[in-house]
Every structure is written in structure tokens, then in C-alpha cells.
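These are my notebook entries on what I looked up in the structure. I set down each item with its criterion.

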Amino acid sequence: MNIGLGYRRELDAWIDSQPADVDCLELTAEHFFAVEGEPLARLAQKFQLYVHGLGLSLGTPGPLDLPRLDQFARVVRLANPQWISDHIAFTRTSEADLGHLNPVPPTRAMLRVIADHAREVSERCQKPMLLENITSHLQLTGDLSETDFLNQLCERAGCGLLLDVTNLFINSRNHGYDARQWLHAIEPGRITQLHIVGYSRAGERYTDSHSQPIQEELIELAQAVVRHAPVQAITLEWDEDFPATPELELEIAKLKRIRGRD
Amino acid sequence: MAEIDFITALGRLLRDGNLRDAYAAQPDTVAARLDLRPEDRPAFRQLVPEDVEFQARILLRKRFDLVRRFLPDTERRLGEKAWPLFLDYARVNWPAEPRVVLRDAFQFCQRLREQQPSLVCQSEWNRLRFALSEKSFAIHWQLRGEAGGTVRPRVQIFYRGRSRRWREFGIMVRL
């Protein structure tokens, strides 16, 4: 299993030193829309790369945003990643760009929308595609359970699952269900990559600020995922208040604990 | 008016605080007013107003984090009031595309200036106005010009080339 992190410009110096325990990097496609090919080629020489999208808005009914898909595909071409991914979510509607991920209802109609979009992205980029579960403060209902929705979505789209362990943990706490029971309802062969970072609290709610060290209960949940599924990569997803190198190395050491061979 | 789908309806709720207030008070009336497709109405009716508001706050916070990058000196002036003032403006205003973030920053400043012009850093206001304009050139004299926390008389010059990319020059003046 590869261990790595989401590439962020703020971590460039550390990443450039090619830390021994980091095998892979996940590039956020949108961060490279205006970047020439050279930095991507440099990263590709040192690390296994994955390209992760934030804004393809796979859950928006109707056609994909083609100029954005073109930009996404350009980054994929330059980075030549092992796989690509985006979220099971919508970031825009037919009327406006909402600027961030929002949940979709687990319905058969939505399943068709996302599956068709995911296939289109995968075919356009000529890469395998993974779909990621998001944090949702809304508990949307539909004609499927969330786990049935995910299993059928991956089947129909021919995709893997990028399981965000932190999002699973947060949703299970906010909506009052058992994360391990949820996990065991997911087809193990679909779980290809994991995201993880510490959770935050806002009053009674758990939130994903992407700025906290990984807590012990998240490590235990991720270890349960690794026992359940043939995970190929786990990446740290830190986006704000970046830690200094020693703290960062501690977080990478936690990923090695999750992998279980160290 | 054409019927709208669940995603469009949820999007409207998330970007319009007044609509969220109306939904919290009378969800059936709002569902009917939105002309939602019949098959999407049950899911829409099950939305919990507090959860919708929480999700909307997440979107608003993301907007604020983008807007503040254009307004560091204004944010310094506003201090802890920056986020509540932005929330007050943004909860019922959603900027139109294109150049959403620039427009958002501009409209927020416009709102602040209506309340009290001194709340907005003049250099940042000038920059936003030029960035959103089609002008090729602009020059501003500021008796109390701000740049990187320093306050001095300053000439602020903007120039836009044929490529439509623009540049800014500042000359601090010692009187």
C-alpha cells in the first residue's frame, strides 16, 4: 500500500526533499489548471501520482462543464497519474456555482447521473476513476441506503471508491450510526484509496477542517478498513494551518501504523 | 415556469438566506413556490432547516476565505467584526458569474462603504474597481495610502495591456 499526502504548495520544500516514507502524492487538479507541465513532470519523476478533482460536480443533472473537464484532462495528461478521482457531490447547479461540495440524495436517478458523468470523465482522461464520499451535514434520503447507493454506483460507473475515513467517521457521529457496520456493507473490492486527516468540532457537530492531527479513533477505523479491503494507497489530506516538518512526519508515521507492516 | 429538480432546489436554499428562513417557517409553501418536480418533493420536505443552515454556513465560510485574500488591510481594520459583517452581506447575496470571487469582494466592500466608508481600505477598493472594469489606465492619489501595513501619501497606478492582463504600481510619497 502506498503512503502519501495531498500535494500543497505550502509543503513544497518538504516534498522536494523526497521524504523516505512518502511513496505517492495526490494532486488537486484545480491547483494546476494554470500551471505549465514542468512542475508536474518533476513530481512524476519522484512519486506515484493521483489526480483529484474538486469541481467536476458529478452530481449536477445535465451535461458536465466541458471547459472544466478539458482543464482537468489537461492536468491528467501532464501528470500521467495511476488513477483519477472526484467526489460524490455537486458543487454547482444549473443556475449557480456554489463553490464547495454538497451532498446528493441516494436515489436511482442520481446514481445514473453520477455514474454516467464518472464514465465520461474516465473515458475522456483514459484513466481509472475513483469516487469519494463527502462529509454531509444534511442527511438526504432516497430509494437506496447510502451503502447500497455507493456499491451500485461503483458497479454501474466501473469505478473504485476513494473512502475518506475522516468523512465516514464525522458522518457516523453527526448522524448517529455505526461506522464499522457501514464499512462492512461496502463491497471491499471497490475500496482503492483512503483519505485521512484529523476531525474538528464545532459545538455538538464534528467537522472536517483538514487542519488537525489524526486522532486515535480515526487510526483504529482506518485499520479496520485496511483489514476489510485491498486498499492500494492512503493519503493525508491536510489543507490549512500546515504543520512543521516534525509534526508532518508524525502524521506520516500514523499512516504507516494504519498500513500495519511497520 | 419549468419545474426544477432537487439539486437546483437545494442549491437555491443553500445560497439564499431569506429562502432558508421561509423554508424553516413553511416548508410546504416553499416547495410549492419553487415548482419542484413531484418526484423530488418528498426528499425536499425531509430537509432539516438547522442542517441546511449549517451546510449553508460552510459555503459562506468558503466564500469568506476566498474574499479575504483580496482584502487583507480591510480585514485588519474590521478585526473580529469581519466574519459577522461578511455573513450579514453574503447570507442574502450570491455573486453572479463570471469572476465570482472578485465580484463578491467588490460587493462586500460596496456594502461596507454604504455603512461607513472608512471601513474599507481605499487601495483595495481601487484595485477591485479596476480589476472588474475594462479600463486601460487609472491613477489614484491617496493622502493616507496603505501598503503592507504602512500608511503614507501614495500614488496608485493601474495599467492594462493588450492581453487584458493588468499591473499595479505604487509610489509612496514623502511630504
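**Entry 1: helix pairs of chain A**

I began with helix 8 (residues 216-228) of chain A and helix 9 (residues 245-259) of chain A, whose axes come within 8 Å and cross at roughly 40°. For the terms, I noted that axes are lines fitted to C-alpha atoms, for helices over the stretch in contact, with angles running from 0 to 180 degrees between N-to-C directions. Helices (H or I, at least four residues) and strands (E, at least two) are DSSP runs numbered from the N terminus. The model is predicted: local features need pLDDT of at least 70 and side-chain atom pairs count only at pLDDT 80 or more, while totals for chains, interfaces and linings use all residues. Residues are numbered from 1 along each chain as its sequence is written, and chains are lettered from A and ligands numbered from 1 in the order in which they are written.

Helix 8 of chain A and helix 9 of chain A are therefore oblique to each other (angles under 35 degrees count as roughly parallel, over 145 as roughly antiparallel, 65 to 115 as roughly perpendicular and the rest as oblique). I recorded the crossing of helix 8 of chain A with helix 9 of chain A as right-handed; a crossing is right-handed if the near helix is turned clockwise from the far one by less than a right angle, and left-handed if anticlockwise.

Which residues meet between helix 8 and helix 9 of chain A? On helix 8 of chain A I found Ile219(A), Ala222(A), Gln223(A) and Val226(A), and on helix 9 of chain A Lys254(A), Arg257(A), Ile258(A) and Arg259(A). Contact requires C-beta atoms, placed from the backbone, to lie within 7 Å. By class, this contact has four nonpolar, one polar and three charged residues. Ala, Val, Leu, Ile, Met, Phe, Trp, Tyr, Cys and Pro count as nonpolar, Asp, Glu, Lys and Arg as charged, and the others, Gly among them, as polar.

I then turned to helix 3 (residues 66-79) of chain A and helix 4 (residues 108-125) of chain A, with axes that come within 9 Å and cross at roughly 45°. That makes helix 3 of chain A oblique to helix 4 of chain A, and the crossing is right-handed. Leu69(A), Ala73(A) and Val76(A) of helix 3 meet Val121(A), Arg124(A) and Cys125(A) of helix 4. I classed these residues as five nonpolar, no polar and one charged.

**Entry 2: chain dimensions**

For chain A I listed nine helices and twelve strands. Its radius of gyration is 17 Å, close to the 18 Å that the globule rule gives for 262 residues, so chain A is as compact as a globular protein of that length. The radius is taken over C-alpha atoms, and the rule is 2.2 Å times the number of residues to the power 0.38.

Chain B has nine helices and three strands. The C-alpha atoms of chain B fill a box of roughly 70 × 40 × 20 Å along the principal axes.

**Entry 3: domains and interface**

I noted domain 1 (1-47) and domain 2 (48-172) in chain B, with bounds from an automatic or database domain assignment. Their centres, taken over C-alpha atoms, are separated by 32 Å. Each domain gives ten residues to the contact.

Between the chains, the contact takes 21 residues from chain A and 22 residues from chain B. Strand 6 (residues 97-102) of chain A gives the most to the chain A side, with five residues.

Methods:
Contact = placed C-beta atoms within 7 Å.
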